Structures are given as structure tokens and as C-alpha cells.
Amino acid sequence: MSPSWPWFSQHQQLKPEHEMSIPQKSRFGKRFWIILGSVILVIAIALGVGLGVGLTRNSGGGGGGGGDNSPQPPPVNNTNATEGTFWRPEAGTSWQIVLQYALNDTTPDVAVYDIDLFTNPKSTIDNLHSLGRKVICYFSAGSYEDFRPDSSDFEKSDYGKGLDGWPGEWWLNTSSTNVRKIMTTRIELAKTKGCDGVDPDNVDGYDNDTGFDLTKESAVDFMTFMAIEAHSRNMSIGLKNAGGIVNSTLPMMQWQVNEQCVQYDECDSFTPFITNNKPVFHIEYPKSAPRISSADNTTFCDTSTDADFSTLLKNMNLDNWYQDC
């Protein structure tokens, strides 16, 4: 921070008059300074153009898709996507999420467990049911992961650019017939294992540089497809992040799983779920985890921004550790 002007002026010391230097005539002529000024101007313009290009490339826009700033599409009114007798949790429902490994701790006394579809056997889900818990099964619907058992079912044309910061993972073309066939198979697997609902991740390709022309409209179309597939098997489905299509998908989603809306000051985008008595399963990743500082506790458990959200403080790897708010 720069010092204030009163402080700054009081601490300046003027040299005695006999010590002050007398300006000397410059040994460079007027022509030299004109040329030098022109060179500096050209360099500044070149740097400005280069910086502009760099910022554009990093903004998520351009030919690779991403950065869709269009209005939200209208709310979905397809009854196949919105109606059914599936489980409908209420706002404020308690929960735990563990994705780092197969669930090995069922002691947290919460109503809902969000666990990985592939790494957890049916027996784990049956055990949770015997304890009176509901089970949401997680899988990535919008990205290709090279370590999944069905990874060989994808075609090379199905996936585009890599997910920044996630090695071994690439964005999917969610309009691909083959991708949707694979997602149907995953939803069927969730049904076979007894999951009460599904948590499809990475459905916000419209807001990222994916290598495909994904838009909010295509995301809503994909979520409509997913909702129909889940509901036809009597399972619930939630929206993962994707604040740009909350109102569009709200009629067919039973909950929202949100990451870091407090950190990024965007919790207001997800309050329509609360208004409609649907839970926002909310995660924040404090840097001080697992030993939460009082400052982080105050920041991330501030109910003025996430009132009635089902908030958990977690490690970024989503292991067993958690703290609720």
C-alpha cells in the first residue's frame, strides 16, 4: 500500500541549498529525444497487443468454445424430465461426500452420502441403506477420464481439450450420440447398484475452453437427456455447479452440488434451489483444512451468503475429513 500524502510529505527531507544540484544542459539534442520517444511508443503498442492476445486466449473464449455469455435458456417443461415418484430431498438435508477412494467410514450421522459410482460396490450402498441413508452416485458426465473401466468405449472424436489442472481428463462432446450412450450405461449401472440419485459432474463445458462449440442450450439439452434417463429408472438427479443454467434446469433437478460459491462470491446464483425447497449441497475448500482457522471458519460458514445451504468444509481431494457449518 502506498503511504498517504500527509505521512509522505512530512517525511521528506529537503537538501540544504548548497547541496542541491544545479540542472545541467543535456548533451542529447532534440532529434535524439524525438526518436527515443517514438521507439518507446512502438514498443508499448506491441506489448499492449501481445497482452491483449494473451488475455483473450486465457479467457475461455475463441473457436474452442467456452465463455457463453448468452441469457439462460427458458426453463425445461418436458414432463418426462420433471415428473416421477423418485426421491426428492428437502433444503437443509445433511450430507457427506467422499470421492478420493471407496467409502470406508460410515460413522458420520448424515442423511445423504455422495460417493463414486465406480469405486464403490453394491454392498456399500446396501449398507448405507440399512443405516437409513440415501446414496448419490457420482460420475463425470462431461469429461473423459482415462482411468475409468469404460474408458475404451469412448471414441477419439468424443473428447477435446484437457481439463486444466486435471491430468488424464478431457472435455467431452456432450452432443455426441456415443457419449450419451455411455452415460445411459452409467446411469443404468447406478440403478443396478441401488443408488437413489446421480451426481453428474463437469456439465458446464459452455463456460470452458473445451475444443467443442458447447453452449448453455446444449448443456440444458444434455441435462434434459440425463434427467429423463435417471427419472425413468426412479432415480433423482442434481445439477453440479453450472450457475449459468440454474433457472433453466431447476424444474427437473432435485438438488444442486456446488463448489466454492462463497470463495467466488456467486452463491446468489444457486438460491433458487433453496427457494424451491431443494437442497444446495455446498462445499468449500479452506486452505487451512483440516485444521480450520477461525478466520476461515468465519468466512466459509457465513450464513449471510449461503443461508440454508448444506455446507461442508473439505479437503480438495474429497477424502473422509469434513467439517459442517
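I started with the largest pocket, which holds about 1400 Å³ of space. Of its 39 lining residues, Leu163, Trp166, Asp201, Asn202 and Glu259 are the closest to the centre. My pocket rule, on a 1 Å grid over the protein atoms alone: an open set of points where a 1.4 Å probe fits, with protein on both sides within 12 Å along at least five of seven lines; lining residues have an atom within 4 Å of a point. The volume is the space filled by probe spheres set on the points, with grid points joined across faces, edges and corners.

Note on the source: this is a predicted model, where local features need pLDDT of at least 70 and side-chain atom pairs count only at pLDDT 80 or more, while totals for chains, interfaces and linings use all residues. I number residues from 1 along each chain as its sequence is written, and side-chain values use heavy atoms, with hydrogens and water left out.

Back to the largest pocket: I see strands S6 (169-172) and S9 (255-259) each giving at least two lining residues. Strands here are DSSP E runs of at least two residues, and helices are H or I runs of at least four, numbered from the N terminus.

Next I looked up the second largest pocket, at about 220 Å³. It has 18 lining residues, with Phe309, Ser310, Thr311, Asp324 and Cys325 nearest its centre. Helix H10 (303-306), strand S11 (310-314) and strand S12 (322-324) are the elements giving it two or more residues. S11 has the largest share, three residues.
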